[in-house]
Amino acid sequence: SIVKKYGGFLWLDPGEKETQRHSLAVMLDVVKRYDVDGIHIDDYFYPYKEKDSSGNMIEFPDDRSYGAYRAAGGKMSRDNWRRANVDGFVQDVYEGIHKIKPWVKFGISPFGIYRPGYPSSIKAGMDQYADLYADPLKWLQKGWCDYMAPQLYWKINPAAQSYPVLLRWWVEQNIKKRHLWIGNYTSRTDPAEMGSATWPSSEIADQVRVTRDQPGATGNIHFSMRALMHNADGVSDRLATLYAERALVPASPWLGSTRPKRPNLRPTGEGTSGQTSFFWGPGGNGDSLRWVCVYVQRAGKWTADLISAEQSTISVPGKPDAVVITAIDRTGNESDPMAWPAKYRITRD
């Protein structure tokens with residue numbers, strides 16, 4: 001059987017070809033049948049190490065699959081073979097997704113410390129390379145992901161496992177300039193999840209600011225939603241000031257860099273309840289659009305919002321001084337703006 005009992009769980013053995021084929025088929029079936037923006041893998045590759053009742057480490061039971069590999073002439077050590085199994089699967093997922101839908105992103109959120117000693121000031125932490133047989137540095141530098149979200153689940157201080165030090169290291173390794181959307185342990189603010197071992201919500205807000213100040217990092221991903229729903233230590237209130245406006249997902253030029261054509265925009269007259277309505281349309285029939293960004297000016301101030309590209313009309317409260325729209329395609333490329341009145345027409349630098 002390709003299913004192995006390890007610790008308290010049942011696992012599909014990553015060394016079995018059938019495991020790899022089945023898991024890949026499930027992911028690609030989702031991509032084929034559903035309009036998803038991305039496929040995400042968390043930090044589980046080979047399982048986290050389990051110990052027996054005496055405290056001894058239990059070896060993952062893959063004698064059969066490794067034995068078959070060796071019998072067929074394979075020369076790699078078991079550890080290298082395990083890493084090669086994960087490497088090949090990650091590459092297959094990345095390439096398989098983009099053969100079906102080139103705009104669907106593939107992302108991974110590995111353990112935030114690559115290995116102890118990377119960088120040199122990070123002395124402690126699990127060695128995912130040796131324990132999980134995961135090599136996220138290789139995947140990032142090979143370009144086998146569209147974004148990586150290393151779980152930087154440590155405070156800004158102290159230096160032994162420092163958020164900004166780890167952040168800077170991941171940015172420096174990102175030679176293909178993929179997206180780095182850092183994973184934040186927002187649940188550490190929540191006593192319902194952490195008991196007394198909580199952080200102040202200011203720590204999470206400060207981590208977001210540190211990320212924004214680091215060139216090469218382009219966003220944050222917060223774990224988990226429960227802390228935000230509980231507004232633990234006012235964390236949702238703090239983050240609301242940092243996320244005051246909706247934002248575009250950064251473009252992924254390696255998936256396609258051709259910008260959509262400038263969209264069309266014309267008013268339909270006064271809408272209901274004191275609103276002004278507009279029709280908009282794509283500037284080119286070949287554009288595969290995802291969003292329309294709507295910029296509205298009142299009394300010299302601009303606000304921005306996003307609507308689905310499937311929505312054919314735009315309604316804004318009252319009578320604005322100006323409305324400007326851009327079209328955003330599936331890979332995040334933004335068109336030149338179209339404005340009403342026409343005197344506000346702008347050409348992108």
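**A lysine and its partner**

Modeller: Let's start with Lys138, which is partly exposed at 30% relative accessibility. On this scale, buried means under 20% relative accessible area, exposed means over 50%, and partly exposed is in between, using a 1.4 Å probe and protein chains only. Keep in mind that this is a predicted model, where local features need pLDDT of at least 70 and side-chain atom pairs need 80 or more, while totals for chains, interfaces and linings use all residues. Residues are numbered from 1 along each chain as its sequence is written, and side-chain values use heavy atoms, with hydrogens and water left out.

What does the side chain of Lys138 meet? It forms a salt bridge with the side chain of Asp87, at 3.0 Å from N to O. (A salt bridge here is a side-chain nitrogen of Lys or Arg within 4 Å of a carboxyl oxygen of Asp or Glu.) Lys138 sits in helix H5 and Asp87 in helix H3, so this pair ties together parts that are 51 residues apart in sequence. Helices (H or I, at least four residues) and strands (E, at least two) are DSSP runs, numbered from the N terminus.

Now follow each helix away from the bridge. On the H3 side, the helix covers residues 78-100 and includes Ile100. Ile100 is partly exposed, with a relative accessible area of 29%. Leaving out residues up to four places away in sequence, Ile100 touches Leu28, Val31 and Lys32, where a contact means heavy atoms within 4.5 Å.

On the H5 side, we run into helix H6. H5 (136-142) is part of what covers the buried residues of H6, along with strand E7 (147-148), strand E8 (179-185), helix H8 (201-213) and strand E9 (219-223), among others. How many of the residues of H6 are buried? Nine of the eleven are, so this helix (residues 163-173) is largely enclosed by the rest of the structure. Among the buried ones are Tyr163, Trp169 and Trp170.

Two of those covering elements turn up again at the largest pocket, which holds about 870 Å³ of space. (A pocket is an open set of points on a 1 Å grid where a 1.4 Å probe fits, with protein on both sides within 12 Å along at least five of seven lines; lining residues have an atom within 4 Å of a point. Its volume is the space filled by probe spheres set on the points, which are joined across faces, edges and corners.) It is lined by 30 residues, and the closest to its centre are Trp181, Ala247, Leu248, Val249 and Pro250. H8, E9, strand E12 (289-298) and strand E15 (322-329) each supply at least two lining residues, and E9 gives the largest share, with four.

Back to salt bridges: the structure holds 15 of them. One joins the side chains of Glu16 and Arg64 at 2.9 Å, N to O. Glu16 lies in the loop between E2 and helix H1 (17-33) and Arg64 in helix H2 (residues 63-71), so this pair ties together parts 48 residues apart in sequence. Glu16 counts as buried, at 13% relative accessibility, while Arg64 is partly exposed at 46%. Another bridge pairs Arg246 with Asp305 at 3.3 Å, N to O. That pair links distant parts of the chain, 59 residues apart: Arg246 is in the loop between helix H10 (235-242) and strand E10 (264-270), and Asp305 is in strand E13 (residues 301-308). Here both partners are partly exposed, with Arg246 at 48% and Asp305 at 37%. There is also a network of salt bridges linking Glu59, Asp62, Asp63, Arg78 and Arg82.

Finally, zoom out. The chain has ten helices and 16 strands, and its C-alpha trace spans about 75 × 45 × 35 Å along its principal axes. Of its 349 residues, 46% count as buried. Among contacts with a separation of 6 or more, 64% are between residues 24 or more positions apart.
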